Amino acid sequence: MTTSSSERGVSLGMPELPAPAYPDDVRARLETDAREIVARYPDSRSALLPLLHLVQAEEGHVTRTGMQFCADVLDLTTAEVTAVATFYTMYRRRPSGDYQVGVCTNTLCAVMGGDAIFEELQEHLGVGNGETTEDGKVTLEHIECNAACDFAPVVMVNWEFFDNQTPASAKRLVDDLRAGRDVEPTRGARLCTFKETARILAGFPDERPGAVEASGSAGPASLVGLRLAKGETAPARVVHPRDGGPHDEDRAVHEPSPTEHLSSHDAPQDTSASDPAHPAGPAAEEGE
């Protein structure tokens, strides 16, 4: 008995059918929004990124229909649109949850507990990386640096920060999301769904009452370096010598200036310009 190629799952290389069109009312609404987006740019092609967010806001991920729409609006080929949509990880290529839960597993977050958080969330939710829970609420993924290393380990939900997480707090977070309970980010506005987030990223106003005001700014840990750069002194630190010499416990605490090195680990070393006794150049002629 023989089986057909279709029964064996073998592709005969037939071309994919054209993407289905949006319903007329949806396309009309999207075209109105698209015209507003394109008008922001001197070159219409520059509108591709926000347009991809726009179609993602419609269906929760970037579909073939959405990419065809972007290509039609901007007079591009679908290959050109696909190249962009597949390059940036913020564009989802398959259905995903209402809440994108991203666990930073880059270096600092990882050593501070990010790897443990990600592993426990996978077991707790019963999903792998990039997978969505059966109720369609949460999509879990590990992500690269969120530029919040001073709050490590960091978890993000729809790009809002949840700082200084632990495996236990992260599990409470996803449980609350799935149960529909209110969840407040550590910093920033209250959460909205991924589709709503995508529309905001497309450049449309966040119309939730108080959301813009709640966005705030960088947290205190992020501003320490800025305060030092402005000349504000840091708390006094006592740096003991590394040469094994005696420590004078009665010595007055030195108040360092913002430009002073606090440790000999990063103190400037002598160079040929500052130490004439050690000029630059080879100690011997080549071949000697």
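**A strand and its partners**

Author: The protein chain has an average pLDDT of 80, and 73% of the residues score at least 70; pLDDT is the predictor's confidence in each residue, from 0 to 100. This is a predicted model, in which local features need pLDDT of at least 70, side-chain atom pairs count only at pLDDT 80 or more, and totals for chains, interfaces and linings use all residues. Residues are numbered from 1 along each chain as its sequence is written, and side-chain values use heavy atoms, with hydrogens and water left out.

Two stretches call for care. Residues 256-272 have pLDDT below 50, and beyond near neighbours in sequence this stretch has 20 contacts in the model, a contact being heavy atoms within 4.5 Å.

Now to the strand itself. S1 spans residues 99-104 and is mostly covered, with six of its six residues buried. Here buried means under 20% relative accessible area, exposed over 50%, and partly exposed in between (1.4 Å probe, protein chains only). Strands (E, at least two residues) and helices (H or I, at least four) are DSSP runs, numbered from the N terminus.

In a regular strand the side chains alternate between the two faces of the sheet. Both faces of S1 are covered: one side has Tyr99, Val101 and Val103, the other has Gln100, Gly102 and Cys104, and all are buried.

What does S1 pair with? Two strands pair if DSSP finds at least two bridges between them. S1 runs parallel to strand S3 (residues 138-143), and six bridges join the two. Within that pairing, tyrosine 99 stands opposite valine 138. With strand S4 (residues 155-157), S1 pairs in the antiparallel sense over three bridges, and there valine 101 stands opposite valine 157.

The structure holds zero disulfides, where a disulfide is a pair of cysteine sulfur atoms within 2.5 Å. For cysteine 149, which is in no disulfide, the nearest cysteine sulfur is that of cysteine 145, 3.9 Å away. Cysteine 149 counts as partly exposed because its relative accessibility is 37%, whereas cysteine 192 counts as buried because its value is 9%.
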